[in-house]
Amino acid sequence: MTWLMIFGLAGIVAYLWNRLDRAERRLEAIDDLQERTLIQLRDLLTSSPPAENETRQEAAPDEQEPQPTVPKIAAKREAPPAVLKVGRPGKGAPADVATEQKADPPQPARPRFELPKFAFDFEDIFGRKLPIWGGGVALAVAGVFLVRFAIEAGLLTPTVRVAMAFLFGILLLGGAELARQFNEKVPDERVAQALAGAGLATLYAGFYLAGTQYGLIGKVVAFLGLAGVTASAIGLSFRFGLPSAVLGLVGGFAAPALVGSDGGNIPLLALYLGLVTAGLTFTGDRQKRQWMSIAALVGGLGWGALLLLTGDFGTNEVFAVGLYLLVLGAVLPALASAGRFTRYLRLGAAALASMQLAVLVDAGGYSELAWGLYLLMAAALAYLGWRNDKVREASAFAAAIGVFLLMQWPDPSASFFALVAASLAVILAGAPLALAYLQRERLLDLAQIGAVPLALAMVAYSQFGSFDGNSVEGLLALATAVLASLPLVGAWLIADRVRPTSFAALCASGLAMVFTAMLMVTPPWSAPVAALPSLAAAAWLCHTRGANALVNVFWGGGAVAALALIATPDFFDEFERVVGMSGGSETVRALMRWLAVTASFAALAWLEQRIEFKRAAEALAAALFYGTLAQVLPADVLAGMAALLAIALVYVMPARIAAQSTLAAIAFLWALEPLGMWLGAGLSSLASDPVFVIDLPEPFEVLTRLLPAAFALALLRVPDSAGRHAQLALRAIAITLALAGLHTLFKQLFAIETLSAFVDYGMIERTIWQALILGAAWIAMKAPHKFETQRTLGAALAAAALVHFALYTGIIHNPLWDRQSVGPAPIANLALLAYAIAAAAALSLRAWLTARWHPLFDGLVVLLTSLGALTLLRQIFAGAIPVDAPLGPTEDLLRSVIGIALAIGFLILGAHRKERSWRVGSLVLMLIAVAKVFIFDAAGLEGLIRIASFMALGFSLIGIGWIYSRQLRLPDADPER
């Protein structure tokens, strides 16, 4: 520690010396510049200007007249004529000279003013400058070490040791004065400064030893002695200069550490450090040395932190250290001035002192004295903030520390806690409230008015309150209500002259405490209801003033009410009713709770002007209203009720899109379970598993969940900002739900529950269902178009009928390879009806869509007709279930004949319609039939039958080729086809 202080002193001395050296170099440069400038001006003024005719002589020598000889100026003149005035010439120059030149005067180069750069000269610093200051520091340290040596060796009595310290210090001060008086013999003033600084440090150590270490003098005498040394240091700083004061006062800070003060008297040490800090602060303020005041307070607060580490504190120690921190945190910063750093100096000192004082309160066992000192600090900072607006942050910091101390207070007595909390409220919230009354408030003052009472109420409840309720709940509620009056009064004072944000913040703080007070005197289940008074007040403010900041406060209140609804134990039973489970029996209580929160968000939806927030409030209000109804309605009707409310809002309140969407979404959530069952059965059907009626939702679920949700979503209109795709997606979901519901109800007609029933009735069930879908498509296309998506819906339904046929009748359960009954009658059976419906769907899509899709659907008709004809042929030979009978040669041959006949028919149709797509279809079909005949049919024939068949095939092919070649020479009605 000793060497650390020595090196610190040496560093300060080096810093001060470098500052002085740079200043001297700057002054020398200025003097040199002034001297050179005046010499050049004097030379300029004493030189003669050139004659006007000199130039003329050089231009025309024959016409020149005799002129007096004028000495030429060597410098070339290029500048325009100028008037030069010299107001303050140097030596030998006239007092006021003004010359006017018609020719160009000589313009000497303007000398550049350059400050000398700092250069580190090791020999100059360590050989010429530092030894003097180092000698002064060494003398001070030698004096202290001499005293310590005498103490450790036991050579001298304590009285003699202290006397020697005083004598050595006085001799050093005397040597300093002699060095100043005989400045001719001692021309360097730093000698006197070093001796004076060393003497002051030694006298500080002497008084500290006499009063603290040995108790040779009383506290009063020690106080007077330390005060005298401090006064001497301040006086000598004006006599010997700044370094003397720095050395003396820094030595005063170092003295307790150098002499070993571990077992010293803390009160006296605090007094001593206070005087040192005050002296250094005062000196810096008087001599306009900003850094000195800052260093003084930093050093003093640093010693304050060391004092707090000494251990247990008695009453005297608490009082001394507390008073010391009070002086450093409030008094000295108020008296000191640090220029542009003054505000930061005061704020920093107040913050550090407040934190250290808080540590002292904790170390002192939260005694009355410790709390009194902290309250005194808070009052002093509030007073300083009253006087100076720029340092009110210090009071806010003290408020935060005070609240934290209250929160950390272990087992406080209720009466003393109430006294301290009330004092903090009066000082730290009352003073800003008075400033608001005087219209002198700042934003920070308003923050204190709103935050301090709220924080005090929370801390008080954390210390004495209980969620289970106790005897002090009423008193806590009363105290919280009283604290709530502070921000509410503040809001009333600033209502018409500050920004709405500040007014809203104060209202929020006060209303939050009103709600808290209500919670303390009401049962836990009624927490959402207890929020109604605060919410009603917030709604009234929003309605009368209409500021968004107040609406934001209302939002916060609604969020708190919703949290209160969720946090209370009854919520879990109530939520079971929301999802359709059996809840508790407290229906009236649940209804009150949910209605309270619903009302708050409904009011928000009415008051809010921002469209996004308005829609959010609508959505929450709608969801909460559904939850309210769920508390009294049976679970079976909740889904239908949500859909019915959405539909009602579409017609009654068409602008409330968010509420409609929320209720429709709730209805959709109810429909997810039956929809999932239907989709699961449909996915299984893709793997050839029949869809039995037991795999689908119950009809009651369809009527109460699927169809209401589909109807609600179909009527819902999304905002224009969502775009057309969102509307289409919504319609697609509605159609899916409707199809799922209608298909489930349709499946009840045949009620297929076994595999045998599926073989008998599966074909007719699918065919009727496809006919119904196609009929709905025709209705959508033929009906008057009231909706822009109506044509799209018709085409989608027709495509659905065609896809359903292709998947189930055409591929998975095709009668040609799966056991399906088509009926006993030839030709007039289900196969003809099924393929006819599919072909009708394809032709309908061909007519409804653009021409580029025509070839696709023409090909589909060719394919469907061919497969249908084969199926009818198979039924003629095999009966009701075509797959049961084996394929015979006659039937196989007839397949080829039918293929060729159909090809000819499609060729004729293409020729008649002049459409190439039909001709291409006929050609493909013909090639398939010919390939079958050559590869399969002809291979099994023999004799004349084989010859006759080939002859017939040959003539047929020739005829088809001739006809087709003729068709190619005819112009098409549509070349693209």
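# Briefing: side-chain contacts and helix packing

Tyr-366, Trp-371, Tyr-374, Trp-409, Phe-416, Phe-417 and Phe-464 together make up one aromatic cluster. The model is predicted. A search of the whole structure turns up 16 aromatic pairs and nine salt bridges. The points below take selected contacts by topic, then helix packing and backbone angles.

**Aromatic pairs**

- A pair of aromatic rings is described by two quantities, the distance of the centres and the angle of the planes.
- Among the 16 aromatic pairs is that of Phe-417 and Phe-464, with 5.1 Å from centre to centre and 75° between the planes. Planes over 60 degrees apart count as edge-to-face, so the Phe-417 and Phe-464 pair is edge-to-face.
- This pair links distant parts of the chain, with Phe-417 in helix 14 (residues 414–437) and Phe-464 in helix 15 (residues 443–464).
- Phe-417 is buried, at 3% relative accessibility. Phe-464 is partly exposed, at 22%. The cut-off for buried is under 20%.
- Phe-746 and Trp-769 have ring centres 5.3 Å apart and planes at 35°, so this pair is tilted.
- Phe-746 belongs to helix 27 and Trp-769 to helix 28, and the pair links parts of the chain 23 residues apart. Both Phe-746 and Trp-769 are buried.

**Salt bridges**

- Side chains of opposite charge can pair when their charged atoms come close.
- Arg-610 and Glu-608 meet through their side chains in a salt bridge, at 2.9 Å from N to O. Glu-608 is buried, with 0% relative accessibility. Arg-610 is partly exposed, with 21%.
- Glu-618 and Arg-656 form another salt bridge, with 2.8 Å between the closest N and O atoms. Glu-618 lies in helix 23 (residues 611–630), while Arg-656 is in the loop between helix 24 (638–652) and helix 25 (657–685), so the pair ties together parts that are 38 residues apart in sequence.
- Glu-618 is buried, at 6% relative accessible area. Arg-656 is partly exposed, at 25%.
- Glu-765 and Lys-747 form a salt bridge too, and their closest N and O atoms are 2.8 Å apart. The pair links distant parts of the chain, with Glu-765 in helix 28 (residues 755–782) and Lys-747 in helix 27 (residues 724–750), 18 residues apart.
- Glu-765 and Lys-747 are both buried.

**Charges over rings**

- Arg-610, a partner of Glu-608 in a salt bridge, also lies over the face of Phe-613. The distance to the ring centre is 4.2 Å.
- Arg-545 has its charged end over the ring of Phe-503, 4.7 Å from the ring centre.

**Helix packing**

- The crossing of helix 14 and helix 16 is left-handed.
- Helix 25 and helix 27 have axes 10 Å apart and pack at an angle of about 55°. They are therefore oblique to each other.
- The crossing of helix 25 and helix 27 is also left-handed.

**Positive phi values**

- Most residues other than glycine have a negative phi.
- Tyr-366 has a positive phi, near 55°, and is not a glycine. Tyr-366 sits in the loop between helix 11 (342–363) and helix 12 (368–387).
- Tyr-366 is buried, with a relative accessible area of 6%. Tyr-366 is also one of the residues of the aromatic cluster.
- Ile-827 has a positive phi as well, about 65°. Ile-827 lies in the loop between helix 29 (790–812) and helix 30 (830–848).
- Ile-827 is partly exposed, at 42% relative accessibility.

Notes:
Residues are numbered from 1 along each chain as its sequence is written. This is a predicted model: local features need pLDDT of at least 70, side-chain atom pairs count only at pLDDT 80 or more; totals for chains, interfaces and linings use all residues. Side-chain values use heavy atoms; hydrogens and water are left out. A salt bridge is a side-chain nitrogen of Lys or Arg within 4 Å of a carboxyl oxygen of Asp or Glu. Buried means under 20% relative accessible area, exposed over 50%, partly exposed in between (1.4 Å probe, protein chains only). Helices (H or I, at least four residues) and strands (E, at least two) are DSSP runs, numbered from the N terminus. Rings of Phe, Tyr and Trp (its six-membered ring) pair if their centres lie within 6.5 Å; planes under 30 degrees apart count as stacked, over 60 as edge-to-face and the rest as tilted. A charge sits over a ring if NZ of Lys or CZ of Arg is within 6 Å of the ring centre and within 35 degrees of the ring normal. A crossing is left-handed if the near helix is turned anticlockwise from the far one by less than a right angle, and right-handed if clockwise. Axes are lines fitted to C-alpha atoms, for helices over the stretch in contact, and angles run from 0 to 180 degrees between N-to-C directions. Angles under 35 degrees count as roughly parallel, over 145 as roughly antiparallel, 65 to 115 as roughly perpendicular and the rest as oblique.
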